[in-house]
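Dear colleague,

Here is the structure I said I would pass on. My notes follow below it.

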Amino acid sequence: MSKLLQALAVAAAVGLVGFAAVSATRAQNDGSAAHSLGSLTIEAPWARIGRGARAGAAYLRIVNTGAEADRLIGASSPVAGRVELHSHKMQDGVMRMRRIDAVLVPGNKAVELQPGGDHVMLIGLTDPPEQGGTFPLTLIFQKAGGIAVPVAVRPLTARGPGMKHHDHK
């Protein structure tokens with residue numbers, strides 16, 4: 001079985017178990033807590049999702065305290081039909097969003113998924129969470145496996161550094 005299929009199988013199992021745990025703490029967690037998986041720590045997961053939206057984006061910080069690099073290779077969530085990793089690239093003077101295969105998380109470094117940069121795209125929202133609520137997101141790493149984290153939903157006006165979303169290709 002390929003590493004991707006193994007990671008997806010682990011993510012599915014983690015997602016089912018993690019979803020129950022996330023649901024139990026949903027009302028208590030605003031997404032500001034840190035969640036650890038081996039040498040990786042997921043910090044401050046948040047999303048911008050508008051009322052009635054069909055798509056949204058999730059952002060977070062990944063800290064790798066280990067010497068060995070890992071890669072975020074996918075994600076899943078019960079609130080979206082499809083979840084993809086995306087980035088922005090300047091093309092012909094226009095900032096465009098594009099799908100990417102992975103986000104490198106170097107050893108002893110932190111990586112920020114943020115507006116205008118790498119992020120998790122939630123496509124085909126089936127049950128968009130309300131602003132102020134949370135939803136479960138399972139992150140899939142090539143080496144560390146999967147981890148379910150609660151993602152806080154913030155207003156569409158919430159911004160980090162970078163530009164707003166443009167072309168959703």
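Which backbone nitrogen does the side chain of Asp70 reach? That of Gln142, at 3.3 Å; a polar contact here is a pair of N or O atoms within 3.5 Å, where within protein one must be able to donate a hydrogen and the other to accept it, and residues adjacent in sequence count only if both atoms are side-chain atoms.

This is a predicted model, with local features needing pLDDT of at least 70 and side-chain atom pairs pLDDT 80 or more, while totals for chains, interfaces and linings use all residues. Residues are numbered from 1 along each chain as its sequence is written, and side-chain values use heavy atoms, without hydrogens and water.

Asp70 lies in strand S4, residues 70–76 (strands are DSSP runs of E, at least two residues, numbered from the N terminus). Asp70 is buried (under 20% relative accessible area, 1.4 Å probe, protein chains only). Asp70 has no salt bridge (a side-chain nitrogen of Lys or Arg within 4 Å of a carboxyl oxygen of Asp or Glu); Lys143, the nearest side chain of opposite charge, is 5.9 Å away.

The whole structure holds one aromatic pair (ring centres within 6.5 Å, the six-membered ring being used for Trp; planes under 30 degrees apart are stacked, over 60 edge-to-face, the rest tilted). Trp46 and Tyr59 form this tilted pair, 4.7 Å centre to centre with 40 degrees between the planes. Trp46 is in strand S2 (residues 40–48) and Tyr59 in strand S3 (residues 55–64), 13 residues apart. Both Trp46 and Tyr59 are buried.

Regards

Definitions and conventions: Helix = DSSP H or I, 4+ residues; strand = E, 2+ residues; numbered from the N terminus. Buried < 20%, exposed > 50% of the residue type's maximum accessible area, 1.4 Å probe, protein only. Lys, Arg positive; Asp, Glu negative; His and termini not counted.
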